[in-house]
Number of protein chains: 4
Amino acid sequence: MSEFNNKVRMGMVGGGQGAFIGAVHRAAASIDGEIELVCGAFSSSHENCLATGKALHINPERCYATYAEMFEKEAALPEEQRMQFVSVVTPNHLHFPVAKAAIEAGFHVMSDKPATFTLDEAIALKEVLDKHDVLYGLTHTYTGYPLVREARDRIAAGELGEITKVVAEYSQGWLSEPPGPDNKQASWRLDPKRAGVSCCMGDIGVHAANLAEFMSGLEITKLCADLQPVVAGREIDDDGNVLLRFSNGAKGVLIASQISVGEENNLNIRIYGTKAGIEWHQQEPNTLIMKYNDKPAQLIRTGVGSFHPVAAGSMRTPAGHPEGYLEAFANLYMDFARQVRAFKDDEASAKLSSKAPGIDEAIRGMAFIENCVAATRADQKWVDFKLENVL
Amino acid sequence: MSEFNNKVRMGMVGGGQGAFIGAVHRAAASIDGEIELVCGAFSSSHENCLATGKALHINPERCYATYAEMFEKEAALPEEQRMQFVSVVTPNHLHFPVAKAAIEAGFHVMSDKPATFTLDEAIALKEVLDKHDVLYGLTHTYTGYPLVREARDRIAAGELGEITKVVAEYSQGWLSEPPGPDNKQASWRLDPKRAGVSCCMGDIGVHAANLAEFMSGLEITKLCADLQPVVAGREIDDDGNVLLRFSNGAKGVLIASQISVGEENNLNIRIYGTKAGIEWHQQEPNTLIMKYNDKPAQLIRTGVGSFHPVAAGSMRTPAGHPEGYLEAFANLYMDFARQVRAFKDDEASAKLSSKAPGIDEAIRGMAFIENCVAATRADQKWVDFKLENVL
Amino acid sequence: MSEFNNKVRMGMVGGGQGAFIGAVHRAAASIDGEIELVCGAFSSSHENCLATGKALHINPERCYATYAEMFEKEAALPEEQRMQFVSVVTPNHLHFPVAKAAIEAGFHVMSDKPATFTLDEAIALKEVLDKHDVLYGLTHTYTGYPLVREARDRIAAGELGEITKVVAEYSQGWLSEPPGPDNKQASWRLDPKRAGVSCCMGDIGVHAANLAEFMSGLEITKLCADLQPVVAGREIDDDGNVLLRFSNGAKGVLIASQISVGEENNLNIRIYGTKAGIEWHQQEPNTLIMKYNDKPAQLIRTGVGSFHPVAAGSMRTPAGHPEGYLEAFANLYMDFARQVRAFKDDEASAKLSSKAPGIDEAIRGMAFIENCVAATRADQKWVDFKLENVL
Amino acid sequence: MSEFNNKVRMGMVGGGQGAFIGAVHRAAASIDGEIELVCGAFSSSHENCLATGKALHINPERCYATYAEMFEKEAALPEEQRMQFVSVVTPNHLHFPVAKAAIEAGFHVMSDKPATFTLDEAIALKEVLDKHDVLYGLTHTYTGYPLVREARDRIAAGELGEITKVVAEYSQGWLSEPPGPDNKQASWRLDPKRAGVSCCMGDIGVHAANLAEFMSGLEITKLCADLQPVVAGREIDDDGNVLLRFSNGAKGVLIASQISVGEENNLNIRIYGTKAGIEWHQQEPNTLIMKYNDKPAQLIRTGVGSFHPVAAGSMRTPAGHPEGYLEAFANLYMDFARQVRAFKDDEASAKLSSKAPGIDEAIRGMAFIENCVAATRADQKWVDFKLENVL
């Protein structure tokens with residue numbers, strides 16, 4: 001990078017050839033031209049790592065055999081060349097050790113979701129963070145959509161009145177049949193050794209829970225869960241449905257599934273309050289519906305009318321030019337890049353209107369997964385949502 | 001009625017001026033020109049009854065002060081004039097005594113839903129029916145929609161494979177605020193003396209459950225319920241969410257609400273099987289969606305392509321000419337009129353391809369309501385679906 | 001009919017077994033219980049007429065061999081039995097002579113669309129009406145939809161500002177292939193001897209034009225037309241597209257087609273003004289969209305919020321219970337029945353807030369068809385919309 | 001750029017701070033990580049140019065005062081540093097001189113649409129290209145959408161049968177009022193000196209025409225046009241509607257508007273053939289509808305089922321993860337980057353399955369605009385589509 005290139009310098013762990021989510025992170029990081037990928041430990045195979053680095057136009061000397069090597073060698077580089085943050089896109093069970101090592105080496109971390117393999121690890125990660133002065137971000141992607149942010153700010157401003165009910169759903173169909181041996185995406189998700197205690201709830205249900213808390217501004221306090229492997233022979237759930245209570249007493253229903261044949265990536269949420277209801281569908285993310293009992297529903301569309309500042313700053317195109325998943329993802333990276341630039345500058349940090357989800361969301365996410373598993377195992381209907389010692 | 005008028009002769013109990021559902025029944029009965037309203041005990045106020053009868057062009061001598069009088073006097077008329085069946089559209093708590101009296105007087109009964117006030121009454125009604133040779137029909141309206149019938153027959157034909165999951169919802173918003181004293185529709189529904197043990201689940205949730213069983217061909221066997229009055233000061237539920245198990249082990253989620261602000265009459269259902277998923281929305285009833293993992297979804301529209309015989313016979317207009325709620329209702333009346341005409345003619349009865357829902361659906365419906373209430377009261381997560389001695 | 005039956009008494013010409021639109025008229029007339037079919041000349045075959053009458057529960061003595069006989073014999077009946085109006089549902093070329101004979105015999109007329117076979121006939125019909133004191137109604141069905149009426153009243157109230165552009169479309173696909181010999185609906189429409197100078201524009205395009213004028217309150221003043229038989233071997237158009245100018249200078253585009261494969265009955269209209277735009281689709285008639293440049297679009301739904309009185313009076317069911325084509329049709333019959341009841345009662349007539357379309361719409365409709373044909377034949381781009389001597 | 005950075009090197013003319021489309025081009029070019037912006041003449045103000053360059057992390061020595069200077073100095077750089085192609089995103093009237101200068105300096109050109117200010121210029125540009133061995137691409141953005149490409153290949157494969165009718169629309173509402181003096185986007189578009197002979201048809205209508213030809217594989221051969229400034233005081237059209245004939249005799253309607261209040265960026269197209277119809281809407285670009293007369297419509301969704309190779313290669317995310325406008329744009333840049341890499345390598349070039357639109361589309365686009373203006377001025381209905389000497 002030249003002296004004039006003042007982009008935020010990113011490294012990556014994981015994301016080698018054949019992986020899926022790494023490419024999404026890279027595209028998201030590059031859309032706005034403010035982040036440059038400068039190094040990586042893309043694969044446990046150094047050959048793959050080098051090939052990936054070459055395809056990504058990266059100096060082979062900065063394509064490292066291991067993440068440990070990367071953190072060590074990057075830390076030794078002059079500050080103006082050195083990676084500033086690392087994007088962690090490994091399989092789930094490595095998120096924690098990689099993030100921990102990065103933090104201890106003094107690097108900011110942007111982690112793919114879930115933050116860790118277990119809740120215990122998430123708590124441990126917070127303890128690591130408490131001891132080191134670095135930033136931690138988590139790509140709960142769907143909170144990057146402009147209209148999700150708008151919904152949150154409208155709800156916070158009281159446009160729905162008191163929240164009474166939340167219905168959140170994340171349904172897919174692609175795991176409805178036993179996956180073939182070559183389906184890399186499916187096989188690790190269904191392997192408790194690599195995926196953890198839950199497949200469906202850990203992989204996607206947690207997004208719906210995160211969205212419910214993010215948009216409503218409420219916290220889940222109790223739950224009654226029914227997780228189950230529907231397809232014979234599986235050890236962990238491929239479908240799960242949960243009844244909820246939120247901190248203000250509001251009721252909730254959360255539906256998650258990976259065996260609902262014909263569903264693509266059907267994440268949707270409806271939040272009802274005493275004054276109005278709000279509805280959003282990820283598959284058509286540029287529309288938000290506000291509904292009333294006594295007057296016509298409003299179709300809020302990106303680019304039409306006025307928006308709260310964070311939502312307004314999350315849109316790149318004029319009305320009617322659709323944005324999608326990569327742009328939502330990019331909003332999280334843009335938030336994080338701004339956090340990195342403002343790091344140790346209290347005034348600048350204070351001005352940031354939006355930050356990427358962080359360690360608190362990470363802990364709540366892992367706790368949600370484990371609480372769902374615990375509640376499923378329970379005979380009693382309701383269990384309290386706990387933030388530690390769940391399983 | 002002239003000698004040439006061979007329409008099926010209907011009487012009505014309830015449906016006086018100021019009531020809502022009676023007018024819907026009358027419109028539904030008249031669309032196809034095969035049923036004629038000949039008498040009524042429309043109101044406990046004889047003045048209202050006469051005024052209603054006059055507005056309906058009925059002989060005032062056949063506008064009776066009480067249903068008891070109606071059954072007695074109609075029974076005494078010559079057979080060719082006499083009412084053949086009675087449509088029962090009273091408040092819920094009168095459904096049973098009126099139906100019982102009608103049956104005992106030898107009249108067929110078409111009852112508004114719910115069949116009775118309690119499950120015990122529904123069981124008692126079945127016992128009455130067992131002793132008398134008359135027909136009994138129940139207006140579970142939504143099973144009258146052509147595409148609901150088509151979905152049932154496609155599922156029965158195996159197009160979805162083995163059913164794995166059912167998500168049924170019936171959400172409204174109109175009871176989100178304490179209703180004013182002049183809201184007759186709201187006040188009786190929230191009064192346990194007139195509505196029974198449940199408002200939301202009894203009024204609308206039971207339709208979603210009926211639809212789930214009707215379309216899937218499965219029976220609910222276990223449930224975990226969360227019924228609650230959300231609006232302060234109410235004695236019975238205005239919202240309820242239920243986790244389900246069906247007879248083949250399939251999972252289910254049922255969402256019902258009358259406090260989901262901005263929802264009109266949002267009854268919708270999705271059924272997933274091992275081969276395909278199917279989706280239907282009552283508010284746009286002329287479209288049925290078949291979804292697949294590996295090929296494009298199909299938009300099945302009334303009037304386009306081929307249909308199973310019952311669905312085909314339930315459509316009145318060509319493609320693109322929407323039919324709605326009244327026509328669905330009319331299909332149940334048409335079924336029942338044909339049952340009445342074919343009564344005691346075994347050959348004709350055997351040829352009927354479709355019948356109105358009857359006493360078995362009535363019992364399952366009342367049982368569903370009471371099981372939901374019992375499951376809500378329970379501390380354990382799952383309760384078995386029972387057909388007697390529930391509460 | 002008994003002495004207590006004060007329904008408006010209707011006769012019918014056409015609509016024998018095997019016909020389509022007659023059954024629609026009968027269902028529409030019967031939904032609200034205010035009209036009774038008492039007689040008919042249902043078919044040129046007296047056998048069919050009698051069989052139709054029997055199926056409709058009509059006295060065979062009032063099932064007439066010819067419409068001439070019907071008008072003569074009904075006129076001779078006592079007033080309280082006599083047919084009050086006749087519904088004309090014959091093939092198009094008979095609309096004029098039947099209506100003329102009815103009017104001259106003193107009967108009110110409700111005619112299926114188009115009013116006549118030619119514009120000359122429509123003008124002649126008006127002359128007949130000028131000489132006789134009877135009512136004339138025309139079933140331009142789509143103006144019966146509640147939200148079409150609401151749109152008209154909102155536009156009249158200035159909610160769109162000055163109208164600038166109208167885009168109206170009526171597309172179907174069912175004539176995309178040469179119809180088989182047994183397709184009765186198709187064969188007469190494509191036969192100039194029975195359908196007149198136009199198939200597509202006369203059968204359906206004229207509905208779109210009517211809707212454009214009805215909703216906008218404007219009149220078409222100029223047009224540039226491109227009618228054509230797309231399928232080889234046809235003598236008259238199966239597709240037609242027209243550029244328009246309206247009385248205030250607004251621009252218009254009208255698209256009509258019967259060869260647009262996959263289109264069912266896609267009648268839709270958008271009207272744009274200086275303040276807002278409005279959009280309505282017949283296939284989902286219970287939604288009206290109001291659109292703005294600077295604020296969210298509104299989804300106006302039947303039963304939600306407040307409506308102008310005519311629209312409010314055109315809805316039968318609460319929010320979320322869809323109404324359709326038959327109910328829209330029924331609204332025209334209800335209007336006409338009220339006109340019949342109020343006939344010669346100036347005070348009552350003055351109170352009617354809505355009337356069925358009449359002879360003026362009939363003339364403009366026939367003129368539209370002939371002007372389209374004339375404009376298609378012209379080499380110059382724009383021709384003036386004329387109300388006589390068009391072809 | 002380091003020696004390992006093998007990205008295609010792009011320069012930009014236009015796109016300084018305050019401009020809109022330049023940022024879109026830059027985002028589109030960067031998503032896939034294969035193109036790097038290395039230099040620019042971003043503004044006629046050198047100050048703006050430098051500030052833009054700084055914000056884009058570009059060496060200030062490569063932020064040039066004029067495009068002439070840029071072409072000269074870049075040409076003098078070592079080949080491995082030198083800009084390989086230039087993205088032209090200036091106001092319309094500069095597209096031609098900039099592109100011409102670039103070509104003559106030996107640089108490939110990727111031009112924003114329209115290619116030139118007049119048809120004559122487009123023809124002249126082709127002559128320049130004929131003399132120089134460089135690549136020329138044009139960002140007719142909407143052809144970059146995966147499902148537009150899929151539709152084209154399905155039509156080419158005969159899935160629609162013979163094409164009979166095309167209905168293409170591009171409607172917006174944002175110019176419905178006289179724009180304020182600070183609306184930079186509006187003021188140049190309505191100034192004939194900067195926008196050319198047409199505003200609405202030149203700015204957006206031409207996209208609809210391009211899409212119609214691209215998807216159908218047909219060419220427009222005749223047209224009848226009605227372009228007009230609807231808002232008083234404008235010199236050039238803000239609305240235009242056109243009747244069309246295509247090379248195989250198919251009919252067409254093209255609707256374009258910038259005064260249709262409430263329309264965002266409503267580009268949509270329907271193509272009908274003898275076997276099926278196809279429909280696509282830019283505002284929900286991840287769905288393509290195939291419609292039939294005799295069987296259910298199919299909802300083709302990105303990521304579900306199988307696709308032709310070019311469409312398959314144009315998707316970045318799995319099913320249900322929406323892609324949008326920037327990704328469509330990026331597909332054109334990706335095509336062009338591949339063309340640049342394969343330049344002078346006949347074997348590699350032959351393997352490219354997709355290329356960005358080029359000079360032929362440029363000429364047809366400019367010809368379409370001028371033919372529409374000419375046809376509007378004509379009194380006769382139909383004018384032939386000409387490729388030169390139009391106005």
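Author: Buried area is the accessible area, taken with a 1.4 Å probe, that two parts lose on being put together, summed over both. This is a predicted model, in which local features need pLDDT of at least 70 and side-chain atom pairs count only at pLDDT 80 or more, while totals for chains, interfaces and linings use all residues. Residues are numbered from 1 along each chain as its sequence is written, chains are lettered from A and ligands numbered from 1 in the order in which they are written, and side-chain values use heavy atoms, with hydrogens and water left out.

Reader: What area is buried between chain C and chain A?
Author: Contact here means heavy atoms within 4.5 Å, and the contact takes 11 residues from chain C and 11 residues from chain A. Carbon and sulfur atoms give 65% of the area buried between these two chains, and that area is about 830 Å².

Reader: Which residues of chain C lose the most area to chain A?
Author: Sorted by class, the side of chain C that touches chain A has six nonpolar, three polar and two charged residues, where Ala, Val, Leu, Ile, Met, Phe, Trp, Tyr, Cys and Pro count as nonpolar, Asp, Glu, Lys and Arg as charged, and the others, Gly among them, as polar. Three residues together account for 53% of what that side buries, and they are C:P296, C:L299 and C:V304.

Reader: How many salt bridges does the rule find across the interface of chain C and chain A?
Author: A salt bridge is a side-chain nitrogen of Lys or Arg within 4 Å of a carboxyl oxygen of Asp or Glu. A polar contact is a pair of N or O atoms within 3.5 Å, where within protein one must be able to donate a hydrogen and the other to accept it, and residues adjacent in sequence count only if both atoms are side-chain atoms. Across this interface there are two residue pairs in polar contact, both residues being at pLDDT 80 or more, whereas the number of salt bridges is zero.

Reader: What area is buried between chain B and chain A?
Author: The contact of chain B with chain A takes 47 residues from each of the two chains. In chain B, the residues that lose the most area to chain A are B:K251, B:V261 and B:K381, together 20% of what that side buries. Carbon and sulfur atoms give 47% of the area buried between chain B and chain A, which is about 3400 Å².

Reader: How many salt bridges are counted between chain B and chain A?
Author: One pair to look for is B:D226 with A:R245, a salt bridge whose closest N and O atoms are 2.7 Å apart. Between chain B and chain A there are also 34 residue pairs in polar contact, both residues being at pLDDT 80 or more. The count of salt bridges between the two chains is 12.

Reader: How far apart in residues are A:Y145 and A:W280, which form an aromatic pair?
Author: Rings of Phe, Tyr and Trp (its six-membered ring) pair if their centres lie within 6.5 Å, and planes under 30 degrees apart count as stacked, over 60 as edge-to-face and the rest as tilted. By this rule there are 40 aromatic pairs over all chains. A:Y145 and A:W280 form a tilted one, with 5.2 Å from centre to centre and 55° between the planes. Helices (H or I, at least four residues) and strands (E, at least two) are DSSP runs numbered from the N terminus, and the pair links the loop between β5 and α6 of chain A, which holds A:Y145, with strand β11, which holds A:W280, a separation of 135 residues.

Reader: Where is C:P114, which a cis peptide bond joins to C:K113?
Author: The peptide bond between C:K113 and C:P114 is cis, with omega about 0°. C:P114 lies in chain C, in the loop between β4 (108-111) and α5 (119-131).
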